[in-house]
Amino acid sequence: MAANNEPQPRHAAPRRYKKLFDMLLAAMPSSFLLIDRNLRVSNANNNFLQKNRKQRAKVIGARVQDVLPQPIVEKTDIVKQIRWVQDNNKPIRGKRMTYRAPGIPIRVYYYSILPFSWGGNVERTILLMDDVTEQIRLSEEVRRVERHLASVVESATDIVLSADSDGRVLTWNAAAEKLSGFKYEDVQNEPFFSRCADDHRGDMEGAFKILKAKKTSRTGEWDLISKSGQRIPISWVFSPMENETGNAVGLVAVGRDLSERRELEKQLLQSQKLAALGVMAGGIAHEIRNPLAICSSAAQFLMREENVSPFAQECIDKILVSIQRASGIIENLLRFARPAPTSDIDKLDLVPVIHESVRLIDNLAKIQKVNIAIDSDEPAALVQGNSNLLRQVFLNLFLNALNAMPEGGTLSVSLSRMDREIVLGVADTGQGIPREYIANIFDPFFTTSPVGKGSGLGLSICYSVVKQHFGTIEVQSSEQKGTLFTVRLPALQ
């Protein structure tokens with residue numbers, strides 16, 4: 001027997017190399033064609049044969065234009081490209097071709113044409129084709145999903161943002177831009193805590209640290225400071241953002257503006273207060289009116305007495321004035337307990353009602369050196385309402401404005417139509433309302449007037465009447481700058 005280290009026959013190495021070459025061709029994931037100078041196929045791998053459903057015997061020796069699908073030959077001009085590579089000894093790489101035969105789904109290929117030269121002469125040309133149809137389909141599907149997710153985030157009415165592990169902003173959706181006034185470029189890579197109110201920033205940062213440590217969602221209500229400096233109440237939900245290994249790499253935060261909900265809660269609370277007062281008013285009026293009537297009668301009998309001393313006369317006068325004042329308060333209370341009947345509600349033009357109300361306070365305004373400015377281009381402002389009740393609302397607002405300007409100023413009355421609402425604005429240049437009182441301004445018996453100069457029911461009555469007319473009343477005020485009351489009522493077509 002020959003030893004293992006005996007030299008192999010001279011033809012064994014070429015056979016081994018050919019076998020290795022055939023194995024490489026068979027294992028190639030690309031389609032392979034070896035083309036001679038006459039544009040005939042010298043070799044083809046299994047990938048090409050299987051994808052094109054051809055037999056090796058019919059491919060080897062055939063012209064390349066007869067082997068490739070005809071649409072590819074016509075649309076890509078591939079034969080001319082092969083000749084160019086042969087003539088110039090330069091490769092063509094990364095070209096794309098699309099092929100669709102009748103009854104077969106569209107296929108997409110990337111191909112390269114490489115010269116095989118020896119001694120500077122191109123002996124063969126290699127055509128490599130990679131079927132990337134599935135990869136393109138998957139990438140398009142990924143892009144479609146990404147576009148869909150981006151559309152969902154951008155279409156959301158809530159704030160949606162993401163941040164890295166240090167809290168720096170990575171994404172910032174359209175709702176966040178609209179609500180805060182900050183563009184994405186303004187907050188990119190900045191800690192989103194810096195956009196929160198100072199007194200809430202510590203709590204938010206603490207929640208973020210707990211989120212990173214425990215990887216559990218956190219919720220809270222922390223105010224956002226807008227670009228204009230406005231404080232916006234936001235309900236936040238923080239969720240950890242994890243990588244493929246499950247480690248927290250950041251967070252996703254969703255924030256909902258609570259301004260509207262807070263306003264609705266305030267209105268509901270105000271309605272509940274007025275409802276409770278209405279229930280109480282009926283009983284109070286009934287129980288107090290009788291004693292007041294007796295006191296009034298007794299005072300009048302005393303006035304008929306002869307030789308009434310000046311002191312007694314003064315006491316009787318004070319009793320009668322106090323009884324009248326108490327009766328007025330009871331009458332105001334009854335307005336809550338007995339709303340105007342529906343039959344008193346009718347089609348009404350606010351323009352003459354407002355002008356009539358202004359005339360009633362015109363003399364008082366002149367005495368106080370208050371200038372009245374009316375801004376209205378509306379020929380008519382039609383609403384469904386009760387003229388007496390609405391006149392009382394306007395008078396209350398006008399008188400409050402005058403009381404706020406004891407040293408003179410300007411009372412501005414504006415009337416306009418916005419969409420389906422009639423909007424009345426009553427503004428003064430007076431003392432303004434302290435910020436801490438704004439939340440209570442419509443509460444029954446709440447007043448900042450000196451004792452004996454106000455019952456605190458005027459604005460409560462305004463609120464109740466406006467609500468009865470399915471409208472809203474709002475207040476904006478700055479100390480030493482003035483106050484604006486805005487009444488909105490549904491407009492008639």
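The buried residues of helix 10 are His200, Met204, Ala207, Phe208 and Leu211, where buried means under 20% relative accessible area, exposed over 50% and partly exposed in between, with a 1.4 Å probe and protein chains only. Seen down the axis of helix 10, these buried residues fall within an arc of 105 degrees, so they line one face of the helix; the arc is that of the directions from the helix axis to the C-beta atoms. An α-helix has 3.6 residues a turn, so residues three or four places apart point the same way. On the face turned away from the buried side, helix 10 carries the exposed residues Asp198, Gly202, Lys209 and Ala213.

The model is predicted: local features need pLDDT of at least 70, side-chain atom pairs count only at pLDDT 80 or more, and totals for chains, interfaces and linings use all residues. Residues are numbered from 1 along each chain as its sequence is written, and side-chain values use heavy atoms, with hydrogens and water left out.

Helix 10 spans residues 198-214, and its 17 residues reach 25 Å from first C-alpha to last, close to the 24 Å expected at 1.5 Å a residue. That expected span is 1.5 Å times one less than the number of residues. Helices (H or I, at least four residues) and strands (E, at least two) are DSSP runs, numbered from the N terminus. The cover over the buried residues of helix 10 includes strand 6 (159-164), strand 8 (218-221), strand 10 (231-232), strand 11 (234-242) and strand 12 (248-257). After helix 10 comes lysine 215, with a positive phi near 55 degrees.

Elsewhere in the chain, five strands form an open sheet in the order 2-1-5-4-3, with antiparallel pairing. Two strands pair if DSSP finds at least two bridges between them. Strand 2 (41-44) and strand 3 (92-99) stand at the edges with a single partner strand each, so one side of each has no neighbour in the sheet. On average, neighbouring strands of this sheet are turned by 25 degrees against each other, direction ignored. Strand 1 (residues 31-35) and strand 5 (residues 121-131) run antiparallel and are joined by five bridges. Leucine 34 stands opposite isoleucine 126 in strand 5.

Helix 6 (residues 78-88) lies across strand 1, strand 3, strand 4 (107-118) and strand 5, at about 25 degrees to strand 4. Helix 7 (residues 133-155) also packs on the sheet, touching strand 3, strand 4 and strand 5, and its direction makes about 135 degrees with that of strand 4. Axes are lines fitted to C-alpha atoms, for helices over the stretch in contact, and angles run from 0 to 180 degrees between N-to-C directions. Contact means heavy atoms within 4.5 Å.

Helix 14 (residues 387-403) and helix 15 (residues 458-468) pack at about 145 degrees, with axes 9 Å apart. Glycine 385, in strand 15 (residues 382-385), counts as buried at 4% relative accessibility. Glycine 385 and valine 466 are 81 residues apart in sequence and 9.5 Å apart in space, C-alpha to C-alpha.

Serine 296 belongs to helix 11 (residues 259-304) and counts as buried at 15% relative accessibility. Leaving aside neighbours within four places in sequence, serine 296 is in contact with Leu320 and Ile323.
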